Amino acid sequence: MSIRTVRKGRLATGAFAVGAVLALAACGSGDPLAPEDTGSESGDGGAATGPIVIGSQAYYSNEIIAEIYAQALEADGFEVERQFQIGQRDVYMAAMEDGSVQLIPEYSGNLLQFYDAETEARSTEDVAAALPDAVPDGLAVLDPADAQDADSYNVTAAFSEENGITSLADLADFDGTLTVGGNAELESRPYGPPGLSEFYGVDVEFVAIGDSGGPLTKDAIRDGTITMGDIYTADPDLATGDFVTLEDPESMILAQNVTPVVAADLAEAVTPTLDAVNALLTTEELIALNASSVNDQQDSATIATAWLTDNGLL
Amino acid sequence: MNLFLDALAWLTDPERVTGPNPLAERIGEHLWYTVLALVVSALIAVPLGYLIGHTGKGRQLAVLGSGAARALPSLGLLTIFTLIVGVGNAQVAAIAVFVILGVPSILAGAYAGVEAVDRSVVDAARAMGMTETQILFRVEAPLGLPLLLGGLRSAALQIIATAVLAAYVGLGGLGIYIQRGISLRTYDEMLGGAILIVLLALIVDALFAIAERVARRAIGSAPSRGRPRSERPEPLSTDRQSTLEEIR
Amino acid sequence: MNWVGANLDLVVELTLTHARLSIVPILVGFVVAVPLGVFAWRFRWARGVTLTVVGLLYTIPSLALFVLLPPIIGISFLSELNVTIALSIYAVALMTRSATEALESVDPAVRGAANAMGYSGWGRFWAVDLPLAGPVLLAGLRVVSVSTVSLVTVGVLVGSRNLGYLFMNGLQRGIVAEIATGIVMTVLIAVAFDLLLALVGRLAMPWTQGAGGGRRSRRVARRIALTEGPT
């Protein structure tokens with residue numbers, strides 16, 4: 001290739017780049033966020049024919065709950081298919097809406113806010129009462145478990161003591177930059193930086209750390225990379241005393257009870273099984289389940305089997 | 001409704017300057033990781049490549065090492081390194097991953113450049129009384145510069161594309177838009193971020209293309225460096241041309 | 001390595017799925033790219049365009065392609081096809097360049113000799129050009145294979161179940177052994193595929209044993225093995 005053709009090649013590359021992107025985008029007309037008709041048999045009792053597709057978030061603890069649901073349903077004679085670790089709410093709820101996933105364990109408050117950002121409901125009861133109307137047609141929510149796993153803002157015990165900060169309301173008096181770390185989507189959530197500003201008048205910098213409040217987030221709090229991190233309240237490490245979970249007097253964060261969301265046509269069939277599970281699932285139990293995963297390094301299937309057996313459900 | 005128009009609207013929204021995740025900052029981070037990784041890769045790979053090219057030893061080892069480096073999944077390395085060194089040093093972890101990615105191409109460019117120099121030129125230099133070090137730095141290295149630049153170019157492109165993963169360990173960069181786009185299903189943001197990364201790659205690619213051209217012209221116009229092109233045995237010279245393309 | 005022992009079933013399951021996910025893109029890459037390479041090699045005017053197109057495709061980050069494909073081609077974003085198609089595109093992009101170079105690596109003198117012996121057109125292609133390009137083609141395919149196996153792991157970020165699961169799950173739970181297992185198994189699959197391809201190459205091209213192969217084509221093969229890489 002001579003020098004001159006090399007140069008032409010560069011120009012062609014540039015021109016092609018624009019063309020290709022245009023062409024790709026042109027093919028993708030229509031709203032990608034709109035539920036797609038995937039040709040699945042949703043809406044006409046898909047349950048009766050195929051297996052129940054159970055999804056989970058890309059979060060280890062959610063996968064454990066999904067696995068418990070899956071094994072409990074299998075024990076009661078249902079055929080299930082696991083589609084775990086799908087991603088975050090925006091992704092798996094779209095999959096629920098288009099019928100490609102039919103059951104997923106959810107957290108009540110965040111789910112409610114996802115469909116109704118302006119909701120006034122805060123308590124377990126109010127959220128549970130508001131949810132059925134908030135979710136799209138074709139989806140049903142079952143009764144919540146006692147177990148909660150909520151977003152929470154955590155600082156080091158040392159930081160809390162030094163600055164006399166034990167509540168999100170105390171942050172307004174703090175001079176200095178406040179940096180919050182959490183999953184990327186938190187930055188746009190009503191309980192993320194926008195909520196901190198609205199409810200507490202606190203403006204924060206945001207660092208996306210993609211481990212769902214895992215070891216990287218905790219490390220970042222400890223070493224001062226971030227001032228506070230979003231850790232879920234059923235995280236066993238919160239009991240170690242390293243962190244102080246900031247109180248939320250304005251109830252920016254809603255009650256987050258574990259709540260199954262299910263395709264409406266399946267709801268009746270799976271309710272007895274899932275109600276039996278949820279009746280036993282307390283926050284303490286959930287923390288213990290998470291500890292089995294994080295500390296004892298067991299996989300979700302083993303943890304689920306052990307828990308169901310211990311509770312006489314298997 | 002069109003994905004591309006949405007992405008353009010996203011890219012040109014004033015929010016990209018004033019809002020969270022300003023473009024300039026994220027582009028800066030992305031470039032910084034790329035440049036840093038490229039420099040570290042070059043510091044490792046260029047001396048090693050020159051050594052292999054000059055002595056002609058260790059080529060099989062280089063191929064084997066490159067294959068092994070390529071088999072290592074970047075996402076796995078990034079997560080394990082970050083977990084080990086701690087998130088405060090995530091940048092070290094990320095740079096290490098990108099260096100593993102960049103070294104093979106630069107190594108190949110460095111050694112191929114030296115190796116492709118006409119042996120009769122090297123022999124002539126030796127006959128003139130040059131030491132081996134002089135031959136390497138005054139003859140082989142300058143003549144091999146275009147191929148080395150080709151290797152750097154290939155490494156830079158791979159690093160730019162892979163630096164997307166840095167967002168997952170809190171390092172930002174342009175990957176943040178793709179990560180957010182995936183979590184929030186915001187296709188405008190995702191495509192906008194992807195377009196920026198492709199553009200960045202094309203610009204860097206073009207800069208290296210220019211540098212390669214300048215380097216080749218400099219070699220061609222230096223009469224004292226070896227024999228004129230036309231006198232070189234034909235197969236070798238075409239081989240050199242094609243080598244140049246292969247490196248890219 | 002307590003973790004491996006306790007999770008052997010999971011590791012085996014993920015490894016098999018991972019291997020399965022890798023195979024289709026590698027095969028598609030080869031089957032589509034070789035004709036494209038021939039096209040770029042036979043027609044000078046097509047060379048620049050073809051290589052530019054594949055070069056550009058290669059600059060798109062894999063993660064972006066995984067998520068942009070579903071709306072563009074209209075399949076469910078949970079479909080396994082997303083990762084398969086995206087990685088097939090990369091494989092084609094990588095392999096087309098290798099295929100073009102493989103054919104160009106054939107010594108013009110040999111081609112001239114074949115012409116003199118009365119070979120022409122496609123006859124010469126099948127009897128002379130393609131077999132002689134074989135070693136470089138194989139080198140390219142081996143690169144595609146290793147890259148694909150490694151890139152499959154990124155799919156976990158869009159919900160694809162493969163060895164990458166061990167990276168993100170291990171990260172959330174802080175289990176280094178889990179991530180390390182994922183890395184080791186990914187490399188093992190890559191090595192296994194590579195050995196398999198080398199074996200197939202040896203069986204299909206017995207003449208590459210010993211003195212054959214040509215200095216020039218060996219050099220090109222080596223360079224392809226060194227410089228191309230995943231993004």
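This is a predicted model: local features need pLDDT of at least 70, side-chain atom pairs count only at pLDDT 80 or more; totals for chains, interfaces and linings use all residues.
Student: Why is B:Arg185 called buried?

Tutor: A residue counts as buried if 20 or more other C-beta atoms lie within 10 Å of its own, and B:Arg185 has 22 C-beta neighbours inside 10 Å, so it is classed as buried. B:Arg185 sits in the loop between helix 9 and helix 10 of chain B, and its phi is near 55°, a positive value in a residue other than glycine.

Student: What makes A:Ser251 partly exposed?

Tutor: The class of partly exposed residues falls between the exposed limit of 12 or fewer neighbours and the buried limit of 20 or more; with 13 C-beta neighbours inside 10 Å, A:Ser251 therefore belongs to it. A:Ser251 also has a positive phi, about 50°, although it is not a glycine, and its place is in the loop between strand 9 (243-245) and strand 10 (258-263) of chain A.

Student: Why does C:Tyr119 count as partly exposed?

Tutor: The reasoning rests on those limits of 12 and 20: C:Tyr119 has 17 C-beta neighbours inside 10 Å, and so it counts as partly exposed. C:Tyr119 lies in the loop between helix 6 (108-116) and helix 7 (121-152) of chain C.

Student: Which residues does C:Tyr119 contact, leaving aside its neighbours within four places in sequence?

Tutor: With those neighbours set aside, C:Tyr119 is in contact with C:Ala114, C:Arg124, C:Ala127 and C:Val128. As for C:Val31, it is 88 residues from C:Tyr119 in sequence and 25 Å from it in space, C-alpha to C-alpha.

Student: How do you know that the buried residues of helix 6 of chain A are on the same side of that helix?

Tutor: The buried residues of helix 6 (residues 124-134) of chain A are A:Val127, A:Ala128 and A:Leu131. They cover an arc of only 100° around the axis, and this is why they are placed on the same side of helix 6 of chain A. An α-helix has 3.6 residues a turn, so residues three or four places apart point the same way. On the other side of helix 6 of chain A, the residues A:Glu125, A:Ala129 and A:Asp133 are exposed, while the buried residues pack against helix 5 (108-115) and strand 4 (139-141) of chain A.

Student: Why is the largest nonpolar core said to lie between domain 1 and domain 2 of chain A?

Tutor: The core has 244 residues, and those touching the most other members are A:Tyr69, B:Ala94, B:Phe98, B:Ile160, B:Val169, B:Met190 and B:Ala194. Its largest share, 16 residues, comes from helix 6 of chain B. Because domain 1 (46-148 + 256-310) and domain 2 (151-245) of chain A both give residues to this core, it lies between them. B:Ile160, leaving aside its neighbours within four places in sequence, is in contact with B:Thr34, B:Ile197, B:Leu200, B:Ala201 and B:Val204.

Student: What makes up the side of chain B that touches chain C?

Tutor: Between these chains, 45 residues of chain B are in contact with 43 residues of chain C. Helix 10 of chain B gives the most to the chain B side, with eight residues, and the residues of that side divide into 29 nonpolar, 12 polar and four charged.

Student: Where does UniProt place the feature "transmembrane region" in chain B?

Tutor: The unreviewed entry places this feature at residues 31-52, 61-86, 92-114, 135-152, 158-178 and 190-211 of chain B. In the model, residues 92-114 of chain B are 100% helix and 0% strand, with end C-alpha atoms 31 Å apart, and residues 135-152 of chain B are likewise 100% helix and 0% strand, with end C-alpha atoms 23 Å apart. The annotation "domain: ABC transmembrane type-1", also from an unreviewed UniProt entry, covers residues 27-208 of chain B; over that span the chain is 84% helix and 0% strand, and the end C-alpha atoms are 19 Å apart.

Methods
Residues are numbered from 1 along each chain as its sequence is written. Chains are lettered from A and ligands numbered from 1 in the order in which they are written. Two residues are in contact if their C-beta atoms, placed from the backbone, lie within 7 Å. Helices (H or I, at least four residues) and strands (E, at least two) are DSSP runs, numbered from the N terminus. Ala, Val, Leu, Ile, Met, Phe, Trp, Tyr, Cys and Pro count as nonpolar, Asp, Glu, Lys and Arg as charged, and the others, Gly among them, as polar. A nonpolar core is a set of buried Ala, Val, Leu, Ile, Met, Phe, Trp, Tyr and Cys residues joined through C-beta atoms within 7 Å. Domain bounds come from an automatic or database domain assignment. UniProt positions are given in the numbering used here, feature names are shortened, and annotations may be inferred rather than shown by experiment. The arc is that of the directions from the helix axis to the C-beta atoms.
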